[in-house]
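Dear colleague,

I am passing on the structure below, together with some notes on its helix packing and backbone. Please have it open while you read.

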Amino acid sequence: MNLALVGYKLILSYYGSGFHGWQKQGKLPTVQLYLEEAVAKIWKEKIPVEGAGRTDAGVHALGQVASFVAQKRLEAEVLKRALNYHLVETIRIWDVHIVSQEFSARFDAMAKTYQYMIWNNPVMDPFYIWRAWHIPRPLDIKAMNEAAQLFVGKHNFLAFVTSPGMPIKNPIRTVFQCSFAQQQSLLLFTIKADGFLYRMVRNIVGALVKVGLGRLSLEQLKFIFESQKRTLAPASAPPWGLYLLSVDYPQDKES
C-alpha cells in the first residue's frame, strides 16, 4: 500500500563538541549523518534530511530545525520517541510536526537567532568547559553593547565573514537584534538576523571582545566594518561558545 508523502519538521538540540558540525562529511560524525541514519532505520530507506543552519564543528544548538519528506508511517509523537531511541544521547528531538511536503527547514527560514556564551571570571567554571569562551580579564560590557549597535540594520558584512572557499554571492544581511546580557560571570550575546554568513557571529564576537578588553575602539571598529576587509578585523571567537538558539518561519509555514 502506497502511503501519502508528508513533510516532517523536527526541532532539536545537540551538544556540538565531538561533532564535525551539522553537514555530512563522508563517515565523519556529524549531526546530519546521525539524523539520516536514524530516519533510515525507521523507514528502511535512505531519506535526505536538511537543516535550517549548517553549524560548524564544536558549535551547539538549542533550537535547530530540520526537515525531510517521507511516507506518513508514524504520528508526530511516536516519531519523536523513535528518533530519540535511535540517536546518540548528545542529539535530542524536542518536537516533531507533520507539515506540507513543500516545507524546507533551510529555504523557508526567515530569521535565525544565535547566542554566544562567555565566562568572564579569572577562574573557569568546569561546568562551562567546551560550552563557553573563557575570558579571564574584566570586560567593559557597556562599551561592548554600544559597539554591538553598529551591526543592527541592513549592512554589508564582508569584514566579518570568513572565506567559505567559494565566491560570496551576497554579503548583505539585516540584523534585528545584537546585544549582551550579564548574569554574574556569564555573558550572553544574542544576535538575530535574516541570515548569517560563514562564521559571521563568531567574527563579530571576536571583535566585540577586543572592544571590551580596551584593545579596539569604537572608531576602529567602525573603520573595519566600513572597509569590508576581513584582513583588518580581529580573530574569530572559538566555536564552543556558540549556540543556534531558534529559527523563525512565516506563519503559513509553521503547520
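Is K44 buried or exposed? K44 is exposed, with a relative accessible area of 70%, where exposed means over 50% relative accessible area, buried under 20% and partly exposed in between, using a 1.4 Å probe and protein chains only. K44 lies in the loop between α1 and β2 (50-51), and has a positive phi of about 65 degrees although it is not a glycine.

Before going further, please note that this is a predicted model, in which local features need pLDDT of at least 70 and side-chain atom pairs count only at pLDDT 80 or more, while totals for chains, interfaces and linings use all residues. Residues are numbered from 1 along each chain as its sequence is written, and side-chain values use heavy atoms, with hydrogens and water left out.

Helices (H or I, at least four residues) and strands (E, at least two) are DSSP runs, numbered from the N terminus.

Turning to the helix pairs, α1 (residues 31-43) and α2 (residues 76-86) pack at an angle of about 120 degrees, with their axes 9 Å apart, and are therefore oblique to each other, the term for angles that are not under 35 degrees (roughly parallel), over 145 (roughly antiparallel) or 65 to 115 (roughly perpendicular). The contact (heavy atoms within 4.5 Å) is made by A38, V39, K41, I42 and W43 of α1 and by L79, A82, L83 and H86 of α2.

Within α2, the residues A76, L79, K80, L83 and N84 are buried, and they cover an arc of only 130 degrees around the axis, which puts them on the same side of α2; the arc is that of the directions from the helix axis to the C-beta atoms. The cover over these buried residues includes β1 (5-14), α1, β3 (60-71) and β4 (91-99), whereas R81 and Y85, on the other side of α2, are exposed.

The other pair to look at is α3 (residues 141-148) with α4 (residues 200-212), which pack at an angle of about 140 degrees with their axes 8 Å apart, and which are therefore also oblique to each other. Here A143, M144, A147 and A148 in α3 meet L208, V209, V211 and G212 in α4.

Methods. Axes fitted to C-alpha atoms, helices over the stretch in contact; angles between N-to-C directions.
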